[in-house]
Amino acid sequence: MAFAAHVLHRWPEHRKLLAAGDAAYARAFAHEVRRFYPFAPFVGGLAADDLLWDGRDIPADSMVLLDLYGQNHDPDLWPKPYTFDPGRFVGREPDRDELVPQGGGGPATNHRCPGEDVTLAVLETLVHLLSAHRYDVPEEDLNIPLRRTPTATRSGFVVTLLPEA
C-alpha cells in the first residue's frame, strides 16, 4: 500500500480514475504497482533435477535465482518499463509467467505467492479509498533503496488525512 501511495503522490493524475470507482482501472493499477515497485529483487530455490536451460547445464540441488526485478522491467516484455502505466493491464490479466512480482508460475506448484489474490483485493480497495480522500504528505525521505529486501521507502510513507472540503 505504501508503494500505491507513493504512485498517487508522485503521479497524482491516477487519483481521478481511482476515486471514480473504476474497478477495472483499480485492478490494472494494482497490477502495475506490483510490476513497477521492487518488493524483492529475486527469489531463490534449488534445482529439483539436472536440467539444461538456455544452453547451460544446471545440476540438481544447484541454487537458482529468479530475477523478479529484471523480469518486471525487461523492455522486451514491457515497453517503457520505467514508466508507471496501468494501461498495460486494462482489460486483461497478466500471464502467470509474465508478471512475477513475488515469484512466477502457480502458487500450488511453483514460486508464486499464495497470497497474491488477497494482495490484489486489498490494493484495489484501499487505493480507491485513499484516492477519494484529501491528505497531506509531510516532508519525508521517499527514496526506495534497492539493496534492502523487502524494500520500502526510507521513511515509510506517512500521510495525514485532511478534513473534507
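## How α3 and α5 pack

In this predicted model, helices α3 and α5 pack against each other at an angle of about 120 degrees, and their axes lie 9 Å apart. The crossing that the two helices make is right-handed. On the side of α3, the contact is made by Ala26, Arg27, Phe29, Ala30, His31 and Arg34, while α5 brings Glu116, Thr119, Leu120, Leu123, Glu124 and Val127 to meet them. Sorted by class, the residues of this contact divide into 6 nonpolar, 2 polar and 4 charged.

An α-helix has 3.6 residues a turn, so residues three or four places apart point the same way. With this in mind, the reader may look again at the contact residues of α5, among them Glu116, Thr119, Leu120 and Leu123.

## The buried residues of α1

Helix α1 runs over residues 2–10, and within this helix Phe3, Ala4, Ala5, His6, Val7 and Leu8 are buried. What covers these buried residues includes the helices α2 (14–19), α3 (23–36) and α5 (116–131), together with the strand β5 (135–136).

## A cavity in the structure

Rolling a probe the size of a water molecule over the atoms shows where empty space is left. A search of the whole structure finds 1 cavity of 30 Å³ or more, and the volume of the largest cavity is about 40 Å³.

The lining of the largest cavity is formed by Arg34, Arg35, Tyr37, Pro38, Phe39, Ala40, Leu68, Tyr69, Asn72, His73 and Pro101. Two elements, α3 and α4 (68–72), each give two or more residues to this lining, and α4 gives the most, with 3 residues. By class, the lining has 7 nonpolar, 2 polar and 2 charged residues.

Note on methods. Residues are numbered from 1 along each chain as its sequence is written. This is a predicted model: local features need pLDDT of at least 70, side-chain atom pairs count only at pLDDT 80 or more; totals for chains, interfaces and linings use all residues. Side-chain values use heavy atoms; hydrogens and water are left out. Buried means under 20% relative accessible area, exposed over 50%, partly exposed in between (1.4 Å probe, protein chains only). Helices (H or I, at least four residues) and strands (E, at least two) are DSSP runs, numbered from the N terminus. Contact means heavy atoms within 4.5 Å. Axes are lines fitted to C-alpha atoms, for helices over the stretch in contact, and angles run from 0 to 180 degrees between N-to-C directions. A crossing is left-handed if the near helix is turned anticlockwise from the far one by less than a right angle, and right-handed if clockwise. Ala, Val, Leu, Ile, Met, Phe, Trp, Tyr, Cys and Pro count as nonpolar, Asp, Glu, Lys and Arg as charged, and the others, Gly among them, as polar. On a 1 Å grid over the protein atoms alone, a cavity is a set of points where a 1.4 Å probe fits but cannot get out, and a pocket is an open set with protein on both sides within 12 Å along at least five of seven lines; lining residues have an atom within 4 Å of a point. Grid points are joined across faces, edges and corners, and a volume is the space filled by probe spheres set on the points.
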